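Please work through the following exercises with the sequence and the model side by side.

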Amino acid sequence: MNVYVGKRDCVNRKLPATFNNSQSIADRKYGDRYEKKFHRIIEEWCECKFDDGKTGWEQMDFINKENKLAFELKRRRIKKFQYNDIIISYSKYQYARNLMRKGYAVYFFWKFTDELCFWKVPTILPKSVRIDKGGTYKRGFREVCDCLYIPMSDLLNFKEFPSYIDYMETNKLTNI
């Protein structure tokens with residue numbers, strides 16, 4: 001059996017039924033390859049270091065406790081505007097809200113085939129974002145949960161902001 005765990009600690013852990021499925025393995029490899037590159041990109045963009053976790057099962061991929069920043073990265077095999085919405089599990093949003101209560105700024109990033117985009121997670125969801133069931137069947141099992149459906153038009157293009165400081169300054173100007 002072909003097993004790929006990446007940096008995930010699988011000791012004493014109940015693995016999902018799909019964990020050793022060939023599609024799941026390919027998906028993990030696809031995501032993990034970009035995660036290493038993204039780690040360097042985001043540290044340079046924010047001018048600070050990020051903890052990328054120790055077990056591989058963290059709810060947020062990258063956290064900086066000193067600056068109270070948290071990032072979740074999802075890699076997708078689609079172009080940005082191939083669909084009207086992008087989904088992310090509602091549990092990620094719940095975890096993000098818990099971090100925001102502790103003073104963190106939380107961002108969800110998506111690496112599409114044509115763009116790297118992000119969305120600043122709000123404490124209160126805008127009307128444009130809906131909550132509904134979502135997931136996949138492509139790994140041979142029904143993997144469905146509550147998800148946020150975020151309009152693609154709400155995502156910001158990473159390349160438009162040379163640094164996190166540029167993003168924050170632009171954000172302040174547009175929110176006056």
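**Exercise 1. Describe the lining of the second largest pocket: how many of its residues are nonpolar, polar and charged?**

Step 1. The lining of the second largest pocket divides into 7 nonpolar, 3 polar and 2 charged residues, where Ala, Val, Leu, Ile, Met, Phe, Trp, Tyr, Cys and Pro count as nonpolar, Asp, Glu, Lys and Arg as charged, and the others, Gly among them, as polar.

Step 2. Before going on, note that this is a predicted model, in which local features need pLDDT of at least 70 and side-chain atom pairs count only at pLDDT 80 or more, whereas totals for chains, interfaces and linings use all residues. Residues are numbered from 1 along each chain as its sequence is written, and side-chain values use heavy atoms, with hydrogens and water left out.

Step 3. The volume of the second largest pocket is about 210 Å³. A pocket is defined on a 1 Å grid over the protein atoms alone as an open set of points where a 1.4 Å probe fits, with protein on both sides within 12 Å along at least five of seven lines, and lining residues have an atom within 4 Å of a point. Grid points are joined across faces, edges and corners, and the volume is the space filled by probe spheres set on the points.

Step 4. Of the 12 lining residues, Lys 120, Asp 154, Leu 156, Tyr 167 and Asn 171 are the closest to the centre of the second largest pocket. Strand E5 (116-120) and helix H3 each supply at least two residues of this lining, and H3 gives the most, with 4 residues.

**Exercise 2. Characterise Asp 154: which residues does it contact beyond its neighbours within four places in sequence?**

Step 1. Asp 154 sits in the loop between strand E7 (143-151) and E8, and it counts as partly exposed because its relative accessibility is 26%.

Step 2. With neighbours within four places in sequence set aside, Asp 154 is in contact with Trp 119, Ser 128 and Val 129.

Step 3. The side chains of Asp 154 and Ser 128 also make a polar contact of 2.8 Å. A polar contact is a pair of N or O atoms within 3.5 Å; within protein, one must be able to donate a hydrogen and the other to accept it, and residues adjacent in sequence count only if both atoms are side-chain atoms.

**Exercise 3. Treat two serines in turn: is Ser 89 buried or exposed?**

Step 1. Ser 89, which belongs to strand E3 (residues 85-89), is buried because its relative accessible area is 18%.

Step 2. The side chain of Ser 89 makes a polar contact of 3.2 Å with the side chain of Ser 91.

Step 3. Ser 163 lies in the loop between strand E8 (156-157) and helix H3 (164-174), counts as buried because its relative accessibility is 14%, and has a polar contact of 3.0 Å between its side chain and that of Asp 166.

**Exercise 4. Examine the loop between helix H1 (22-46) and strand E1 (62-64): why does Glu 47 count as exposed?**

Step 1. Glu 47 lies in this loop and counts as exposed because its relative accessibility is 63%; its phi is near 55°, a positive value in a residue other than glycine.

Step 2. Asp 61 is found in the loop between H1 and E1, and it is buried because its relative accessible area is 13%.

Step 3. A polar atom of the Asp 61 side chain lies 2.8 Å from the backbone nitrogen of Leu 73.

Notes:
Buried means under 20% relative accessible area, exposed over 50%, partly exposed in between (1.4 Å probe, protein chains only). Contact means heavy atoms within 4.5 Å.
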